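Biologist: Could you take me closely through how helices pack against one another in this model, with the angle, the handedness and the residues that make the contact?

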Amino acid sequence: MTQIIRIDKIKPESEKLSTAAKILTNGGTVVFPTETVYGLGANALDEYAVKKIFTAKGRPADNPLIVHICDTAQIDKLASRVPESFFELAGKFWPGPLTMVMKKSSLVPDLVTAGLDTVGIRVPDHPAALELIKQAGVPVAAPSANVSGLPSPTKVEHVINDLDGKVDIIIDGGDCLVGLESTVLDITGDTPVILRPGGITPEQIEAVLGKVSVDRFVYERFKNLDSSPRSPGVKYRHYSPRAQVILVEGSLTEMAAEINRRSECFINNKKRVGIMATDQTMHMYAHGTVMSLGDRDRPETIAGNLFGLLRYFDRLGVDVILAESIDRTGIGIAVMNRMIRAAGYNIVGVGHAE
Ligand code: TXA
Ligand code: MG
C-alpha cells in the first residue's frame with residue numbers, strides 16, 4: 001500500500017513530513033517533490049533501502065543515483081575531494097537544479113554510485129524536500145520518480161501512474177516548477193563538464209567559472225554499450241513515450257510545412273498524430289491534435305511543459321508525435337537534449353537549419 005499525503009508547497013506542514021521522514025529513517029521509500037521533477041528517495045547510506053529504489057523503478061543497476069542533502073556543510077562526509085569550484089558553484093546555485101559530481105567518500109555505498117568512484121550531489125530548491133531531508137537526518141539518494149525509460153514526473157498524477165503500490169509514501173506538492181531535471185556537472189577535472197544539461201544553463205556556469213564544456217553524448221547517441229560513458233544514464237532509452245517521436249528542425253515556416261506534410265501522410269494511413277507546437281506556431285497546423293509547449297521567447301515555459309505533454313499524448317493514445325525544435329541556447333540545450341532522446345536521436349532537418 002502506498003500512502004499519499006498532500007502538503008502545502010510553500011509552507012509544508014512539518015508534522016505531515018515527519019511521517020515521511022520516519023519512513024526514510026526506517027529504510028523505506030518516499031516520493032517527494034523538488035523544483036525540477038519528483039524524486040524517489042531512500043536513505044543513501046542504507047544499501048538495503050537504496051536497492052528498493054532500483055526495484056521500484058526497474059532501473060539498471062549500473063546507473064548511479066544523485067544524493068540529495070539539505071545543507072552544503074554535509075559535503076565533507078560524502079565527497080573525499082572537494083574542489084574550489086564546488087564552493088563557488090554551491091554559493092551561487094544551491095539550493096537549486098545543479099548536481100555536482102565529485103570523488104566519493106567511503107561512506108557512500110557502491111550501490112548508490114553504481115560502482116563509480118564519484119558521487120553526484122545536490123541541494124534541491126524546494127521547502128518540502130529540504131524539510132524532509134532535514135527531519136530524516138540522512139542524505140537521500142533519489143532518481144526521478146518515474147518507471148525507468150518514461151519521461152520524468154512533473155505532476156503527482158505522473159508519479160501515481162508509475163509508482164502507486166511500489167513505494168511506501170508519495171508526498172503531493174503540486175507541479176514541479178522547472179520541469180526538467182538538474183544539470184549534472186562533473187567538477188573532478190580542470191574544466192567542468194556538463195554530463196546532462198538541465199535547470200542551470202551552460203551560460204550560467206561559465207559566468208561563474210569562466211569555462212565549461214559539454215559532453216558529446218548530450219546530443220549524440222551512445223553506441224558502444226559495452227563501454228562506460230562518463231554519465232551512465234546516456235546508455236539507456238529515456239524520456240520515451242509509447243508513441244513514436246519525430247523531431248523536426250528548421251525555420252518556423254519550414255518546420256510547420258514539414259510537420260503538416262508528415263501529419264497529413266500519417267493521418268491518411270489511419271495513424272493518430274499529436275503535434276508539439278509553440279505559442280508562436282499553433283495557428284500554422286491543419287491536422288492532428290495540436291498542443292503548445294509554451295512561448296519561444298520564454299523557453300523556461302517549454303521546459304516546464306515538455307514531460308507533461310509527452311505523457312498527455314500517450315494518454316490520448318496518439319501513434320506519432322511530431323515535435324518542433326527550439327533554439328539550443330540557455331535552457332534550450334536541456335530541452336533539446338530531452339527531445340532528441342525522446343525521438344531516439346532521429347532529427348529531421350529541413351531548409352538550411354542543419
Ligand atoms: O533534478 C534531478 O536531478 C532529479 C531530482 C529528483 O533531483 N533527479 C534525477 O535523477 O534526475 P536521475 O537518477 O533520474 O538522473 C541522474 C543522472 C543520470 O543520468 C545518472 O547517470 C547521472 O545523473 N549521475 C548520477 N551520479 C553520477 C556520477 N557519479 N557520475 C556521472 N553521472 C552521474
Ligand atoms: Mg531519471
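Modeller: A crossing is called right-handed if the near helix is turned clockwise from the far one by less than a right angle, and left-handed if it is turned anticlockwise. In this predicted model, helix α4, residues 84–93, passes helix α8, residues 202–209, in a crossing that is right-handed in this sense. The axes of α4 and α8 come within 10 Å and cross at roughly 125 degrees, and because an angle under 35 degrees counts as roughly parallel, one over 145 as roughly antiparallel and one from 65 to 115 as roughly perpendicular, with the rest oblique, α4 and α8 are therefore oblique to each other. On the α4 side the contact is formed by Ser85, Glu88, Leu89, Lys92 and Phe93, which meet Gln204, Ile205, Val208 and Leu209 of α8. Sorted by class, this contact of α4 with α8 holds five nonpolar, two polar and two charged residues.

A second pair is formed by helix α10, residues 299–316, and helix α11, residues 332–342, whose axes also come within 10 Å but cross at roughly 20 degrees. The helices α10 and α11 are therefore roughly parallel to each other, and their crossing is left-handed. From α10, the residues Ile302, Ala303, Leu306, Phe307 and Leu310 take part in the contact, while α11 contributes Val335, Arg338, Met339 and Ala342. By class, the contact of α10 with α11 comprises eight nonpolar residues, one charged residue and no polar ones.

Conventions: Residues are numbered from 1 along each chain as its sequence is written. Chains are lettered from A and ligands numbered from 1 in the order in which they are written. This is a predicted model: local features need pLDDT of at least 70, side-chain atom pairs count only at pLDDT 80 or more; totals for chains, interfaces and linings use all residues. Side-chain values use heavy atoms; hydrogens and water are left out. Axes are lines fitted to C-alpha atoms, for helices over the stretch in contact, and angles run from 0 to 180 degrees between N-to-C directions. Helices (H or I, at least four residues) and strands (E, at least two) are DSSP runs, numbered from the N terminus. Contact means heavy atoms within 4.5 Å. Ala, Val, Leu, Ile, Met, Phe, Trp, Tyr, Cys and Pro count as nonpolar, Asp, Glu, Lys and Arg as charged, and the others, Gly among them, as polar.
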